[in-house]
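Visitor: I have a few minutes before my next run. Can you walk me through this one?
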Amino acid sequence: MNVIEEENVCPDCGSTNLTIDSGRAEISCKRCGLVIQESIMDRGREWRAFDKDQVNKRARTGAPMKFAISDKGLTTDIDWKNRDIHGNSIPERNQSQIYRLRKWNKKLRISGTGERNLALALSELDRQSSRLGIPRSVREDTALIYREAARKNIVRGRSIEGMVAASVYTACRRCGVPRTLDEVSQASKITKKKIGKNYRFLARELKIKLMPTSPADYVPRFASKLGLSGITEAKAIEIIQKLYNNGLITGREPTGIAAASLYVASVLSGEKKTQRDVAEIAGVTEVTIRNRYKELSEQLDIIV
DNA sequence: AAGACGAAAGTGGTTGA
DNA sequence: TCAACAACTTTCGTCTT
């Protein structure tokens, strides 16, 4: 991997804690999950000119095998790299993409409802994950889940959008960067109920076992949206850890706990945010924050 | 005026018979 | 299948800064 590492700063949250994933060819922010640069391997295209013997070899075609492309990225000539990094994908482009995939499929005589379904699903996945700001690695995981579901023939009879949404939700949780049902619902226009149902179905059929989401997993994302410092973030996680030790986690909504911890942490560190701001970002009400906060201060004798 | 607080009634999901 | 239940939301009035 011949990548020049520049001093990068995440444009979203300002964190310098970036991670390079050479296997998946992306640079993303460890803090908020924003993908700063995709397909970094493709920048090495000058290698080919350097070594002309290898130009025609598949091994030198550059891009890693991707599950999020319907033929795994090995044969298509569709230019994915021109897509807006923020996913403001242009409908016409998507349509032509599907059209071209179909054409290919016909040509290669591998056409079938399965492939077409997959092509539709993957463009839907692209749309949804762009809106949610999901790192490419998690998109790949989503695609993996969806493929598995398709392979087991459990997609039939369910809406593609619904299954994609459930796959997104599942992948995010599995990768430790959970999105709430609310957020996925907003990005997909599928009701929470349906996503939840599909998720349970997926988990059962694909034997995906997931622990309940930890409030701490939500903290980095919420903190960055609120513009809180890493110190506050760490403080919030510390509080959550204490709550765990006191058994105050079970039965509560993780987002509520994350919100209350962040609120308290913000007050303690002098970067105070209002309950309303925190509540809005976390997708809970102020009342919930107050309730958690009350329990929290009683049990942990944190005086604010 | 804005934020914090808390009471009371309503809502949707889980649980156990 | 249904009722009880806990967590959470909505709404609203009051207090504090």
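This is a predicted model: local features need pLDDT of at least 70, side-chain atom pairs count only at pLDDT 80 or more; totals for chains, interfaces and linings use all residues.

Visitor: OK, back up into H8. How many of its residues are buried?
Guide: 10 of the 12 residues in H8 are buried, so the helix is mostly covered.

Visitor: Which ones are they?
Guide: The buried residues of H8 are Pro215, Ala216, Tyr218, Val219, Pro220, Arg221, Phe222, Ala223, Ser224 and Leu226.

Visitor: And what covers them?
Guide: The cover includes helix H9 (230–245), helix H10 (254–268) and helix H11 (275–282).

Visitor: What about the length of H8, what should it span?
Guide: At 1.5 Å a residue, the 12 residues of H8 (215–226) should span 16 Å. The end C-alpha atoms are 16 Å apart, which agrees.

Visitor: You mentioned H11. Take Ile281, where is it found?
Guide: Ile281 is in helix H11.

Visitor: Buried or exposed?
Guide: Ile281 counts as buried, because it has 20 C-beta neighbours inside 10 Å. The cut-off for buried is 20 or more.

Visitor: What is Ile281 in contact with, leaving aside neighbours within four places in sequence?
Guide: Phe222, Lys225 and Leu226. Phe222 and Leu226 are among the buried residues of H8.

Visitor: And how are Ile281 and Ser188 separated?
Guide: Their C-alpha atoms are separated by 19 Å. Along the chain, Ile281 and Ser188 are 93 residues apart.

Visitor: Next, H11 against H12. At what angle do they pack?
Guide: About 105°, with the axes of H11 and H12 8 Å apart. H11 and H12 are therefore roughly perpendicular to each other.

Visitor: Which residues make that contact?
Guide: From H11, Gln275, Arg276, Val278 and Ala279. From H12, Glu286, Ile289 and Arg290. By class, the contact of H11 with H12 has three nonpolar, one polar and three charged residues.

Visitor: Now H6 and H7. What angle there?
Guide: Helix H6 (residues 181–188) and helix H7 (residues 192–205) pack at about 110°, with their axes 9 Å apart. That makes H6 roughly perpendicular to H7.

Visitor: And who makes the contact?
Guide: Leu181, Asp182, Val184 and Ser185 of H6, with Lys192, Ile195 and Gly196 of H7. By class, the contact of H6 with H7 has three nonpolar, two polar and two charged residues.

Visitor: Last one, the whole chain. How many helices and strands in chain A?
Guide: Chain A comes to 12 helices and three strands. Buried residues make up 36% of its 304 residues. Among contacts in chain A between residues at least 6 apart in sequence, 61% join residues at least 24 apart.

Note on methods: Residues are numbered from 1 along each chain as its sequence is written. Chains are lettered from A and ligands numbered from 1 in the order in which they are written. Helices (H or I, at least four residues) and strands (E, at least two) are DSSP runs, numbered from the N terminus. The expected span of a helix is 1.5 Å times one less than its number of residues. Two residues are in contact if their C-beta atoms, placed from the backbone, lie within 7 Å. Axes are lines fitted to C-alpha atoms, for helices over the stretch in contact, and angles run from 0 to 180 degrees between N-to-C directions. Angles under 35 degrees count as roughly parallel, over 145 as roughly antiparallel, 65 to 115 as roughly perpendicular and the rest as oblique. Ala, Val, Leu, Ile, Met, Phe, Trp, Tyr, Cys and Pro count as nonpolar, Asp, Glu, Lys and Arg as charged, and the others, Gly among them, as polar.
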